[in-house]
Amino acid sequence: MNGDIIEATRSIDRAANIVLAAGLIFILAPLVFTLITASQSYESFLRNGISPVPGTHLLENIQKLFATTRIPGQLANNFIVALAVASLKCLLAFLAAFGLVFFKVRYAPVIFAALLSTLMLPLDLRIVTTYQIVSNIAMPVNALIDITGLNEAITAVFGRPVELKLNLLDTYAGMILPSLATGTGVFMMRQFFRTLPGDLVKAAQMDGANWFHFMVDIALPLSRTTLIALFILMFLGGWTMYLWPLLASSTPEMQTAVVGLAKLTPDAGGEVPDYPLLMAGALVVSILPLLMIAFLQRFIVRGFTLTEK
């Protein structure tokens, strides 16, 4: 009987190892392919095509990338956008979840459901409307002036109507602000705050702490791990955004590196792209997310573990 159990356990272990190995191959194969291609020279790529053997031109391609393209400045744009998106999302999620959990909000479930509904309307689905609003964020004011009839009075006095215009395209604010409308962070922080014992609030009130001190001195330190996990996830999401930065930034100086890599492909139909240079750029752009995942993954695991309790 024991032998059958041991043999069954060994079979399960072997199957698990096979699945794990297949998963590693599936994940690492694109990285290996990118690294090998980035180490080739453009001439050898044109002559021999994709090679299974690594070359010796990786550093040369990286130097060429930094010397002949706008990727270095675009990497700075990438970092600014990702850092701002992650920081503001964490701040908004912390404040919204704290209010929903610890304050007696009358319609808290309705508000929470409305926040979660943003998950069904990601930025990519409302891209056209978002672009129209960001191109002129004064549109609601103009509509209000028209509805109230003020424009008719202004036209009668000054001879022409008022039309306010404030364009946020090609600005950091235009790329960052529309990305904040999501309820993912609020959901994570709310789930964490719900794990805190109710007596904690009563004990803080007995010690004379008001809501602000409770939030800053007690809730914020306790939620540090969850906030770090949320920050990492939001930073990675902001770093890899493509569609909205592509539309919101029309000049190379304001584009992110993810968009800049796509722009390195020549427009001419018969010209072969410099794939070794493109793959070197992909490695440079991916190095920060890979390092964050490699060294900070324990915070992500601990953050999700605390959230699900």
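Predicted model: local features only at pLDDT ≥ 70, side-chain atom pairs only at ≥ 80, totals over all residues.
Me: What is the phi of D170 near?

Reply: Most residues other than glycine have a negative phi. D170, in the loop between α8 and α9, is a residue other than glycine with a positive value, its phi being near 60 degrees.

Me: Is A219 buried or exposed?

Reply: A219 is found in helix α12, which covers residues 211-222. The relative accessible area of A219 is 0%, and because buried means under 20%, A219 counts as buried.

Me: Which residues is A219 in contact with, leaving aside its neighbours within four places in sequence?

Reply: One of these residues, F94, is 125 residues from A219 in sequence, although the two C-alpha atoms are 9.5 Å apart in space. With the neighbours within four places left aside, the residues in contact with A219 are F94, F98, F193 and F214.

Me: How far apart are the end C-alpha atoms of helix α13?

Reply: Helix α13 runs over residues 224-239, and its buried residues include T225, L230, F235 and W239. At 1.5 Å a residue, the 16 residues of α13 should span 22 Å. The model agrees with this expectation, because the end C-alpha atoms of α13 are 22 Å apart.

Me: How many helices and how many strands does the protein have, and what is its radius of gyration?

Reply: The protein has 16 helices and zero strands. For 309 residues the globule rule gives 19 Å, and the value for the protein is well over this, so the protein is more spread out than a compact globule. Along its principal axes the C-alpha trace spans about 75 × 75 × 35 Å, and the radius of gyration is 26 Å.

Me: What share of the contacts with a separation of 6 or more comes from residues 24 or more positions apart?

Reply: Of the 309 residues of the protein, 34% count as buried. Among the contacts in the protein with a separation of 6 or more, the share from residues 24 or more positions apart is 76%.

Conventions: Residues numbered from 1 in each chain as written. Heavy atoms only, no water. Helix = DSSP H or I, 4+ residues; strand = E, 2+ residues; numbered from the N terminus. Expected span 1.5 Å × (residues − 1). Buried < 20%, exposed > 50% of the residue type's maximum accessible area, 1.4 Å probe, protein only. Rg over C-alpha atoms; globule rule 2.2 N^0.38 Å. Contact = heavy atoms within 4.5 Å.
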